[in-house]
Amino acid sequence: VGPADLCVVLVKGPHTQEAAKKAMQVLSPKGVVLTLQNGLGNREALVEELGSQMRVYQGVTNHGASILQAGEV
């Protein structure tokens with residue numbers, strides 16, 4: 001595989017650095033990494049391994065809810 005313009009990281013947090021090392025093996029010179037992991041610190045772990053904040057992006061979700069009345073959301 002390679003060279004890749006985009007590597008999507010979808011691993012458990014403890015495996016993030018290993019995933020970053022694998023991504024480096026296939027990324028094109030201008031390739032980017034997108035993490036869609038839950039938890040904190042995953043983007044930072046990727047930046048630490050990949051060396052450039054400009055190459056690492058993080059997806060975020062937001063789930064909203066409203067209380068309509070007592071016991072009803």
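Author: What follows is a description of helix α2 and its surroundings.

This is a predicted model, in which local features need pLDDT of at least 70 and side-chain atom pairs count only at pLDDT 80 or more, while totals for chains, interfaces and linings use all residues. Residues are numbered from 1 along each chain as its sequence is written, and side-chain values use heavy atoms, with hydrogens and water left out.

Helix α2 covers residues 42-50. Helices (H or I, at least four residues) and strands (E, at least two) are DSSP runs, numbered from the N terminus. Within α2, the buried residues are N42, A45, L46, V47 and L50. Buried means under 20% relative accessible area, exposed means over 50%, and partly exposed is in between, computed with a 1.4 Å probe on protein chains only. The cover over these buried residues of α2 includes β1, α1, β2 and β3.

The sheet comes next. Three strands form an open sheet in the order β1-β2-β3, and the pairing is parallel. Two strands pair if DSSP finds at least two bridges between them. Strands β1 (4-9) and β3 (56-58) stand at the edges with a single partner strand each, so one side of each has no neighbour in the sheet. From one strand to the next, the twist averages 20 degrees. Strands of a sheet pair through backbone hydrogen bonds, either parallel or antiparallel. Strand β2 (residues 27-35) is joined to β3 by three bridges, and these strands run parallel. Opposite V56 in β3 stands V33.

Y57 has its place in strand β3. Y57 counts as partly exposed because its relative accessibility is 43%. Not counting residues up to four places away in sequence, Y57 touches V32, V33, L34 and T35. Between the C-alpha atoms of Y57 and V11, which are 46 residues apart along the chain, the separation is 15 Å.

Now the other helix. Helix α1 (residues 16-26) lies across β1 and β2, and runs at about 150 degrees to β2. Axes are lines fitted to C-alpha atoms, for helices over the stretch in contact, and angles run from 0 to 180 degrees between N-to-C directions. Two packed helices are described by the angle between their axes and the distance between the axes. For α1 and α2, the axes come within 9 Å and cross at roughly 45 degrees. The two helices α1 and α2 are therefore oblique to each other. Angles under 35 degrees count as roughly parallel, over 145 as roughly antiparallel, 65 to 115 as roughly perpendicular and the rest as oblique. The crossing of α1 and α2 is right-handed; a crossing is right-handed if the near helix is turned clockwise from the far one by less than a right angle, and left-handed if anticlockwise.

On the α1 side, the contact is made by T16, Q17, A20, K21 and M24, and on the α2 side by N42, A45, L46, E48, E49 and L50. Contact means heavy atoms within 4.5 Å. Sorted by class, the contact of α1 with α2 has five nonpolar, three polar and three charged residues. Ala, Val, Leu, Ile, Met, Phe, Trp, Tyr, Cys and Pro count as nonpolar, Asp, Glu, Lys and Arg as charged, and the others, Gly among them, as polar.

Two residues show this contact from either side. A20 lies in helix α1 and is buried, with a relative accessible area of 0%. Leaving aside neighbours within four places in sequence, A20 is in contact with L46, E49 and L50. E49 is found in helix α2 and counts as partly exposed, at 29% relative accessibility. With neighbours within four places in sequence left aside, E49 is in contact with Q17, A20 and K21. The C-alpha atoms of E49 and A19 are separated by 9.6 Å, and these residues are 30 apart along the chain.

Just after α2, G51 takes a positive phi of about 90 degrees. Q53 is found in the loop between α2 and β3. This residue, Q53, is exposed, with a relative accessible area of 53%. Apart from neighbours within four places in sequence, Q53 is in contact with R43 and V47.
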